[in-house]
Amino acid sequence: MAIWFARSRNLISSLRHNLCLSSTILVKRDYSQRPVFTTSQLSSTVFLSPYVASLRHESTAAEKQLDLVQHSDDQEDALQELDFPGGNVGYTSEMKFIPESSARRIPCYRVLDEDGRIIPDSDFIPVSEKLAVRMYEQMATLQVMDHIFYEAQRQGRISFYITSLGEEAINIASAAALSPEDVVLPQYREPGVLLWRGFTLEEFANQCFGNKADYGKGRQMPIHYGSNRHNYFTISSPIATQLPQAAGVGYSLKMEKKNACAVTFIGDGGTSEGDFHAGLNFAAVLEAPVVFICRNNGWAISTHTSEQFRSDGIVVKGQAYGIRSIRVDGNDALAVYSAVRSAREMAVTEQRPVLIEAMTYRVGHHSTSDDSTKYRAADEIQHWKMSRNPVNRFKKWVEDNGWWSEEDESELRSNTRKQLLQAIQAAEKCDKQPLKELFNDVYDVKPKNLEEQELGLKELVERQPQDYPPGFHV
Amino acid sequence: MAALLGRSCRKLGFLSSGHGARRSVSTETGKSLNLYSAINQALHIALDSDPRSYVFGEDVGFGGVFRCTTGLAERFGKNRVFNTPLCEQGIVGFGIGLAAMGNRAIVEIQFADYIYPAFDQIVNEAAKFRYRSGNQFNCGGLTIRAPYGAVGHGGHYHSQSPEAFFCHVPGIKVVIPRSPREAKGLLLSCIRDPNPVVFFEPKWLYRQAVEEVPEHDYMIPLSEAEVIREGNDITLVGWGAQLTIMEQACLEAEKEGISCELIDLKTLLPWDKETVEASVKKTGRLLISHEAPITGGFGAEISATILERCFLKLEAPVTRVCGLDTPFPLVFEPFYMPTKNKILDAIKTTVNY
């Protein structure tokens with residue numbers, strides 16, 4: 001080791017002379033007084049090439065010796081900068097690693113406390129009685145809808161369902177904060193956004209039953225809603241694919257100079273996908289007006305967030321892409337409303353992406369194909385279902401304002417329930433899609449191979465109807 | 001070496017769009033252009049004719065690594081012609097979003113070898129966008145361009161022919177031009193086709209192929225194969241750069257008294273079965289040739305279909321002359337490739353069956 005450092009001194013001198021390095025970079029130092037690095041010191045950090053190993057390790061006390069160059073340290077402003085292709089950076093001779101985590105997690109923006117009271121001195125955008133009541137009604141409707149469709153699946157009437165239980169505030173408050181022209185690219189746990197925009201319970205039921213009235217023409221599993229009338233892109237099962245698409249949508253809106261942005265949703269699990277990185281990076285670089293809303297609900301099926309990432313959640317990732325971000329209490333409807341509304345304004349007026357991490361909890365199972373008691377404690381679920389329920393919390397605030405009563409509550413719930421049962425009955429009875437819809441829309445115009453296959457199938461169905469489910473008229 | 005020299009013979013002149021089943025391009029003459037210039041012209045016309053069209057991908061701003069996008073950014077502005085971050089899944093995903101809003105997104109993937117990160121977006125999203133939405137949404141304005149195929153020194157990752165993967169995906173189209181004039185017309189058709197299209201450009205021909213290309217705006221129809229050389233004894237089917245090799249084999253076969261009919265498939269998905277079927281019913285023999293590895297290659301689909309349709313008319317088994325079932329090798333490229341002589345041997349074997 002000692003020999004190494006003796007050499008390094010010579011290296012510095014020879015570097016200066018032989019490589020004609022600018023004197024602004026090299027520093028002449030006297031190393032005779034410096035402590036020698038022990039092997040153990042060095043091995044605990046990165047590998048240091050010989051001349052770098054001579055970096056000072058102790059505090060930056062003033063040198064006795066005259067330095068050939070001004071150098072920056074923590075106590076001085078960086079008078080010198082290094083220019084690299086990415087721009088100028090100040091330099092430091094103190095070797096310091098950015099820690100893997102901050103001492104303090106990014107705080108969570110909230111407005112309502114658990115008892116539904118506005119926290120004093122909160123920043124928030126006021127919500128009128130009309131808007132608040134509508135928001136509450138829709139949150140409750142979403143809750144009822146989820147319960148009834150879930151039961152319908154259990155009864156075998158629909159094949160599959162995904163609830164949004166526990167995430168009603170994110171669903172409804174975000175939708176309320178957007179304009180109808182904002183284009184929504186959902187993941188799959190945001191039917192409340194579609195509900196807010198006017199999709200009827202019948203329309204939801206039709207998609208779940210895949211009947212003749214389903215806009216998706218029966219091609220996808222239940223809950224894969226989509227509606228161009230409501231600017232809500234059709235849901236697809238692959239995770240996070242919508243994120244780079246949202247960047248493209250936002251870019252289009254910008255080019256068309258529309259007063260609108262793209263809004264896209266993702267779960268905590270989805271942020272591990274490559275498309276998350278792609279979507280955020282593209283939106284940032286191409287300056288697309290996109291609001292990325294991450295529902296951090298703690299679970300990706302059975303995978304807890306501790307098995308999903310080691311960062312402080314999702315919000316800290318925004319800055320890595322040059323994206324303004326906020327963490328919000330996703331169970332606080334007023335906070336979500338304010339955050340989304342502000343983010344949307346920023347996105348549209350500044351033509352930039354914004355990231356919102358909405359903290360919440362997935363009260364329901366991942367889907368009807370999941371039993372989450374297998375991997376998480378029943379009392380954990382109960383706790384979030386009862387004391388941390390976003391619907392109850394907002395209800396308290398609305399009630400405290402005198403805008404909602406128990407009569408309103410029972411009337412809403414029983415009417416909604418009745419409407420849903422009727423919708424399900426009607427959807428179940430409704431005709432099936434005609435068989436031709438199997439072959440349409442693969443392309444804009446049916447190609448020859450599909451024409452042939454359609455003819456072949458028609459003939460087959462006529463010949464052997466017992467092999468096929470009834471009701472699919474040719 | 002021989003294969004490389006053989007390839008360099010292609011520099012002179014080009015495949016005539018001869019007395020084929022259809023003369024899809026007017027006899028109007030134009031300037032002599034190579035493939036990248038013809039593609040460049042098509043892109044200029046596309047962007048000029050539709051203000052809502054965009055060209056983007058890695059390095060397209062300065063003209064692209066193969067110069068296909070030269071002059072576009074200067075002419076149409078950086079809002080419409082721009083570089084993207086190095087991320088194929090982002091490029092295609094972003095393109096889908098743009099296309100879903102009614103724009104034409106003409107996306108460049110730098111080499112077909114790097115298209116795979118975008119495979120999910122292409123297969124699960126683009127291909128199904130219209131169908132799954134019940135035709136409420138579509139991304140028909142999406143066209144993905146990528147250089148493909150052997151270049152003499154490309155090795156594993158600059159030579160691949162991945163067309164077979166995409167031919168298995170209902171909902172997209174796959175198009176491969178054989179020459180500059182064809183490329184311009186086909187690319188314009190792809191861009192204007194209301195379905196997402198993957199357009200593979202034979203990189204070998206970017207400079208090597210030179211042809212007269214009409215300067216005006218013209219389109220060559222998709223899903224229409226072209227008989228580019230008539231014959232009676234055997235039908236050969238191919239696409240892209242391979243057709244030049246196949247044509248050389250046909251010329252040599254002719255000296256030995258074998259009359260070859262050569263078909264350019266052009267669109268692989270959906271492909272023109274009728275033209276190939278009609279030809280094989282006439283000749284009774286079929287040879288398919290492609291650079292991609294033989295197993296699972298698109299030649300297998302053509303072979304199976306023709307067997308179903310022309311079994312009783314066949315005088316010999318359908319034969320395929322293709323790349324070997326290996327990753328595309330560097331020093332062994334001349335051995336790997338389906339060369340003129342491999343094709344000629346196969347022609348003779350088939351004819352003498």
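**Strands, helices and cores**

Modeller: Gladly, and let's begin inside chain A: A:Phe292 stands opposite A:Leu355 in E9(A). Please keep in mind that this is a predicted model.

Colleague: How many of the six residues of E9(A) are buried?

Modeller: Buried here means under 20% relative accessible area. Strand E9 of chain A covers residues 354-359, and it is largely enclosed by the rest of the structure because the number of its residues that are buried is five.

Colleague: Over to chain B. What is the strand order of its open sheet of five strands?

Modeller: The pairing in this sheet is mixed. Its edge strands, each pairing on one side only, are E9 (226-229) and E14 (319-323) of chain B. From one strand to the next, the twist averages 25°. The order in chain B is E9-E11-E10-E13-E14.

Colleague: Which residue of E13(B) is the bridge partner of B:Leu236?

Modeller: Strand E10 (residues 234-238) of chain B pairs with strand E13 (residues 286-293) of chain B in the parallel sense, over three bridges. In E13(B), the partner of B:Leu236 is B:Leu287.

Colleague: What angle does H11(B) make with E11(B)?

Modeller: Two helices can be described against this sheet. Helix H10 (residues 242-255) of chain B packs on E9, E10, E11 and E13 of chain B, at about 170° to E11(B). Helix H11 (residues 273-283) of chain B lies across E9, E10, E11 and E13 of chain B, and its angle to E11(B) is about 175°.

Colleague: Are H11(B) and H12(B) perpendicular or oblique to each other?

Modeller: H11(B) and helix H12 (residues 298-310) of chain B pack at about 60°, with their axes 10 Å apart. Residues making the contact include B:Val276 and B:Val280 of H11(B) and B:Ile306 of H12(B). Roughly perpendicular would need 65 to 115 degrees. The two helices are therefore oblique.

Colleague: How far apart are the axes of H7(A) and H4(B)?

Modeller: Helix H7 (residues 242-255) of chain A passes H4(B) in a right-handed crossing. Among the contact residues are A:Gly248 and A:Tyr251 of H7(A), with B:Gly93 and B:Phe94 of H4(B). The two helices pack at an angle of about 45°, and their axes are apart by 6 Å.

Colleague: Which residues touch the most other members of the largest nonpolar core?

Modeller: That core has 91 residues, and helix H4 (residues 88-100) of chain B gives the most to it, with seven. B:Leu265 touches B:Val237, B:Trp271 and B:Phe298, among others. The residues touching the most other members are B:Leu265 and B:Ile302.

Colleague: Finally, is B:Gly77 buried or partly exposed?

Modeller: B:Gly77 is found in the loop between helix H3 (72-76) and strand E3 (81-83) of chain B. B:Gly61 is 16 residues away in sequence and 9.6 Å away in space, C-alpha to C-alpha. With a relative accessible area of 23%, B:Gly77 is partly exposed.

How values were computed. Residues are numbered from 1 along each chain as its sequence is written. Chains are lettered from A and ligands numbered from 1 in the order in which they are written. This is a predicted model: local features need pLDDT of at least 70, side-chain atom pairs count only at pLDDT 80 or more; totals for chains, interfaces and linings use all residues. Side-chain values use heavy atoms; hydrogens and water are left out. Two strands pair if DSSP finds at least two bridges between them. Helices (H or I, at least four residues) and strands (E, at least two) are DSSP runs, numbered from the N terminus. Axes are lines fitted to C-alpha atoms, for helices over the stretch in contact, and angles run from 0 to 180 degrees between N-to-C directions. Contact means heavy atoms within 4.5 Å. A nonpolar core is a set of buried Ala, Val, Leu, Ile, Met, Phe, Trp, Tyr and Cys residues joined through side-chain atoms within 4.5 Å. Buried means under 20% relative accessible area, exposed over 50%, partly exposed in between (1.4 Å probe, protein chains only). A crossing is left-handed if the near helix is turned anticlockwise from the far one by less than a right angle, and right-handed if clockwise. Angles under 35 degrees count as roughly parallel, over 145 as roughly antiparallel, 65 to 115 as roughly perpendicular and the rest as oblique. Lists of a residue's contacts leave out its neighbours within four places in sequence.
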